[in-house]
Amino acid sequence: MNAATYVYPWDVVGDDSAAETIAGLGVDHAVVAAFYHATRAFTPRHPWHRVVVAETSASYLPVGDAWEQVLPPAQTWVDADDAFGATASALAAAGVPTHAWVVVDHVDGFDAPHVMNAYGDVYPWALCPSHEAALEYAVGLAAVVAARSDIAGVEFEAAGWYGFDHLHEHDKVAGIPLSEDELFLLSLCFCDACLDEYQASGIDPARLRAAVSARLDSRFAAAEPAALGLPEADLAAAVLGMRTRVANRLRGAMVREVRTQREPDFPILFHANPDPRRSTAFTGVDVATLPKDTGVVVNCWNGSTDSVTRSLGHDASVNAGLLGVRGMGADHEALVSQAVAMREAGASGIRIYHSGIASNADLDAMRRAVSAFHKAAR
């Protein structure tokens, strides 16, 4: 049983007290961003800065000559050759092991094959896993992480299908509220590689595209979401089957790469959602089809144990992701009971988001939640 929190390298590099603050939460390890997408973040306790802007996806550790043409460029937010390594070293000195946090198919500002919707619109934030180039990219991430002796485990985020449901700066898409079914349709990819995958699965791509466009066009003309997916159950099942096969190919290749360098007890987790239609950071995953000796982190930010219970019953370990930042919607009073409920529901661990951007009051709530989880796990 384990409890961990998420950390950015810029939370620790240049702040001599940050690692001790994280250790003081009582966590068993920290999950540190190694490859991460563009973001803007507060650093409320850092002596150098209060706001960090990472304008594009970046590597926060050296990738080596073998992968420098495949993976994102190094970070530019601070003059450090290995910000991840510096963070891991500081955490180790404070008694906290480091796991790598690796974002896979959510990529900004990087030349790679991306998802294309039924209308031909390209999503430059979402890599398409049907492409061999995306597969090579994912394997490169796994290879670089597995080679590091200062990494004790890895969590892969967005390792599968990523789609429309993604927040951009100055987003202007809220005018048309979409149901889960409609978000799924708007996230289906119709790039050349996916057309080949549809055909290999016995799906007529033109018929599928017409069905998706018709459903979405009816939504754009309506006043409210209609909660309508694909019109035929057989077609819907075939599409989900194709997407599961493609995503599992990606995840399987990453796991095989890690296992060539690390022992079977090296933890490999995927951020996952038990709903296979989801195309977000917690991408849809059929837990029963995951590679052997892996696990999942499921999003339980709303405090519900549903995603935990829906993911149990397989060999994979199930970890509950909890929200600890009040400004993002966390409930300090409920966080302790949520942590206990996740353990009682069968979660083998919790992951609390996010100690770097947390206020001091948030950190106090996280500390109590970690302690409660450990007591419940005894």
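Tutor: Start with Ala143. Leaving aside neighbours within four places in sequence, Ala143 is in contact with Trp67, Glu257 and Gln261; contact means heavy atoms within 4.5 Å. This is a predicted model, where local features need pLDDT of at least 70, side-chain atom pairs count only at pLDDT 80 or more, and totals for chains, interfaces and linings use all residues. Residues are numbered from 1 along each chain as its sequence is written, and side-chain values use heavy atoms, with hydrogens and water left out.

Ala143 lies in helix α4, residues 132-146. Helices here are DSSP runs (H or I, at least four residues), strands likewise (E, at least two), numbered from the N terminus. Ala143 is buried, with a relative accessible area of 8%. Buried means under 20% relative accessible area, exposed over 50%, partly exposed in between (1.4 Å probe, protein chains only). Ala143 and Val255 are 112 residues apart in sequence, yet 9.6 Å apart in space, C-alpha to C-alpha.

Now take helix α11, residues 360-377. Its 18 residues should span 26 Å at 1.5 Å a residue, and its end C-alpha atoms are 26 Å apart, which agrees. The expected span is 1.5 Å times one less than the number of residues. Buried residues of α11 include Asp362, Leu363, Met366, Val370 and Phe373. The buried residues of α11 pack against β1 (2-7), α2 (18-23), α10 (332-345) and β14 (349-353).

Last, a helix pair. Glu182, Leu185 and Leu186 in α5 meet Val212, Arg215, Leu216 and Arg219 in α7.
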